[in-house]
Amino acid sequence: MTSTANDQARIVLVDDHPMVRERLAEVINREPDLSICGEAEDRAGALEVVEREKPRLAIVDLTLKRSNGLDLIKDLRVMYPELLILVLSMQDENLYAERVIRAGAHGYITKQEATRKILDAIRQVMAGKVFLSEELSAEILSRMLGKTKGAVRSLDVLSDRELQVFGLVGEGFGTRQIAEQLGLDVKTVETYRTRIKEKLELKDASELLRQAIAWRRDHPNE
């Protein structure tokens, strides 16, 4: 039986790399029951295309042009509670997968896995399931059962916004620049920096800078 346009599940792609969107669209549009109905490279464009196209699923990267995918997921969850969200990202799933699920996404797949598993991930999410890698699912279960040594990794104690600030400190941004980039006032960013130092038990701003730079060096895509 041939699927008609009305039978197809409509999907929006949100990624700041045109080639990634193009490749995903090729793979997804080959499926008779799936179709790409819109694309966006940033938060504003994503909100516009979701409002216009009313997709069933949005595939969202965490690193977007001029914006943050985690903030977009939170906005979409509030504005479109029926919309399914699958995160496709290069960032470390051990650090971000639980955060995006808490924010309202229904699955997390890395770009390294996408070639082999993107269609499985889409179909699991559309079937009402949560999609995570087998490795991460096992780790989360072990953590719940108290079997993982050092269950709480140091950066897990940071909130989503604190982690964003920590990453920008590691990129060399000053307080005022971070405030401008995140749309916050300077005092709010100073408060975040103070909380980060307390939570990570860092003695001063210099140690915060060293730790943030070291983390950014080891995690350039996060």
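R161 has a relative accessible area of 21% and is therefore partly exposed; buried denotes under 20% relative accessible area, exposed over 50%, and partly exposed the range in between, with a 1.4 Å probe and protein chains only. The model is predicted, so local features need pLDDT of at least 70 and side-chain atom pairs count only at pLDDT 80 or more, while totals for chains, interfaces and linings use all residues. Residues are numbered from 1 along each chain as its sequence is written, and side-chain values use heavy atoms, with hydrogens and water left out.

The side chain of R161 meets that of D71 in a salt bridge, at 3.7 Å from N to O; the term requires a side-chain nitrogen of Lys or Arg within 4 Å of a carboxyl oxygen of Asp or Glu. Because R161 lies in helix 7 and D71 in helix 3 (residues 69–79), the pair ties together parts that are 90 residues apart in sequence. Helices (H or I, at least four residues) and strands (E, at least two) are DSSP runs, numbered from the N terminus. D71, at 22% relative accessibility, counts as partly exposed.

Helix 7 also contains E162, whose partner is K199 in helix 9 (residues 186–200), 37 residues apart. E162 is buried, with a relative accessible area of 2%, whereas K199 is partly exposed at 36%.

A further salt bridge joins the side chains of E171 and R216 at 3.3 Å, N to O. E171 lies in the loop between helix 7 and helix 8 (175–182) and R216 in helix 10, so this pair ties together parts that are 45 residues apart in sequence. E171 is partly exposed at 44% relative accessibility, and R216 is buried at 11%. The structure holds 18 salt bridges; R10, E48, R52 and E53 are linked in a network of such bridges.

F166 and W215 form a tilted pair, 5.7 Å centre to centre with 50° between the planes. F166 lies in helix 7 (residues 160–170) and W215 in helix 10 (residues 205–218), so the pair ties together parts that are 49 residues apart in sequence. Both F166 and W215 are buried.

Notes
Phe/Tyr/Trp six-rings, centres within 6.5 Å; stacked < 30°, edge-to-face > 60°.
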